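Good morning, and thank you for coming.

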Amino acid sequence: MRGRKNYLSKREQEIMESLFSHGPMTANELMLKLAGSPSNSSVRTQLRILEQKGVVSHDVVDGAFVFRPTEAREQAAESALSNVVKTFFQGSISQTVASLISQNESSLTDDELAEIEALIAKAKEEGR
């Protein structure tokens, strides 16, 4: 996913979440996990698009296509976040963090604030 200009649609995100949560699946199995009862052909089309984007691949198992993410959830999240930071915040981590904090509907807990402070202190120690 790294460096891809293609963002994922809501349905594509839902498919990825299902694959991350439930592991490799066929299109039929995936169809049963998705909201709104999508058709088999719709799910197959979405999977083909996700393969073209490079975020999903498949293996043939007993004659069936079994789909899986090409990256672990953590790697995919880091790639997606990196793209958001570059695209919407001109690469500025501080602007990104400021936006996240100001947009947060609920206030940060003391534990979350302590964790953020610890991350900042660690970054300063490492000379970032």
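Which residues of α1 are buried? Before I reply, please note that this is a predicted model. The buried residues of α1 are E12, I15, M16, S18 and L19. Seen down the axis of α1, these buried residues fall within an arc of 160 degrees, so they line one face of the helix.

The helix itself runs over residues 10-22, which gives 13 residues. From the first C-alpha of α1 to the last, the distance is 18 Å, close to the 18 Å expected at 1.5 Å a residue. What covers the buried residues of α1? The cover includes the helices α2 (27-33) and α3 (40-53), together with the strands β1 (56-61) and β2 (64-69).

I continue along the chain from the end of this helix. Just after α1 comes G23, with a positive phi of about 85 degrees. In the loop between α1 and α2 we find T26. Is T26 buried or exposed? T26 has a relative accessible area of 16%, and the limit for a buried residue is under 20%, so T26 counts as buried. Not counting residues up to four places away in sequence, T26 touches A64, F65, V66 and F67.

Let me now turn to α3. This helix has 14 residues and spans 20 Å from its first C-alpha to its last, close to the 20 Å expected at 1.5 Å a residue. Its buried residues are V43, Q46, L47, L50 and K53. Viewed down the axis of α3, they fall within an arc of 115 degrees, so they line one face of the helix. The elements against which the buried residues of α3 pack are α1, α2, β1 and β2. After α3 comes G54, whose phi is positive, near 85 degrees.

Q46 is buried, with a relative accessible area of 16%. With which residues is Q46 in contact, leaving aside its neighbours within four places in sequence? They are S9, R11, E12 and I15. Q46 and Q13 stand 33 residues apart in sequence, and their C-alpha atoms are 10 Å apart in space.

For another position, please look at V61, in strand β1. With a relative accessibility of 41%, V61 counts as partly exposed. V61 and I15 are separated by 46 residues in sequence and by 20 Å in space, C-alpha to C-alpha.

My last topic is the largest pocket. Its volume is about 760 Å³. How many residues line the largest pocket, and which lie nearest its centre? The lining has 20 residues, and I93, V97, I116, L119 and I120 lie nearest the centre. By type, the lining divides into 11 nonpolar, 3 polar and 6 charged residues.

Which helices each supply at least two residues of this lining? They are α4 (73-88), α5 (93-103) and α6 (110-125). The largest share comes from α6, with 8 residues.

Thank you for your attention.

Key. Residues are numbered from 1 along each chain as its sequence is written. This is a predicted model: local features need pLDDT of at least 70, side-chain atom pairs count only at pLDDT 80 or more; totals for chains, interfaces and linings use all residues. Side-chain values use heavy atoms; hydrogens and water are left out. On a 1 Å grid over the protein atoms alone, a cavity is a set of points where a 1.4 Å probe fits but cannot get out, and a pocket is an open set with protein on both sides within 12 Å along at least five of seven lines; lining residues have an atom within 4 Å of a point. Grid points are joined across faces, edges and corners, and a volume is the space filled by probe spheres set on the points. Helices (H or I, at least four residues) and strands (E, at least two) are DSSP runs, numbered from the N terminus. Ala, Val, Leu, Ile, Met, Phe, Trp, Tyr, Cys and Pro count as nonpolar, Asp, Glu, Lys and Arg as charged, and the others, Gly among them, as polar. The expected span of a helix is 1.5 Å times one less than its number of residues. Buried means under 20% relative accessible area, exposed over 50%, partly exposed in between (1.4 Å probe, protein chains only). The arc is that of the directions from the helix axis to the C-beta atoms. Contact means heavy atoms within 4.5 Å.
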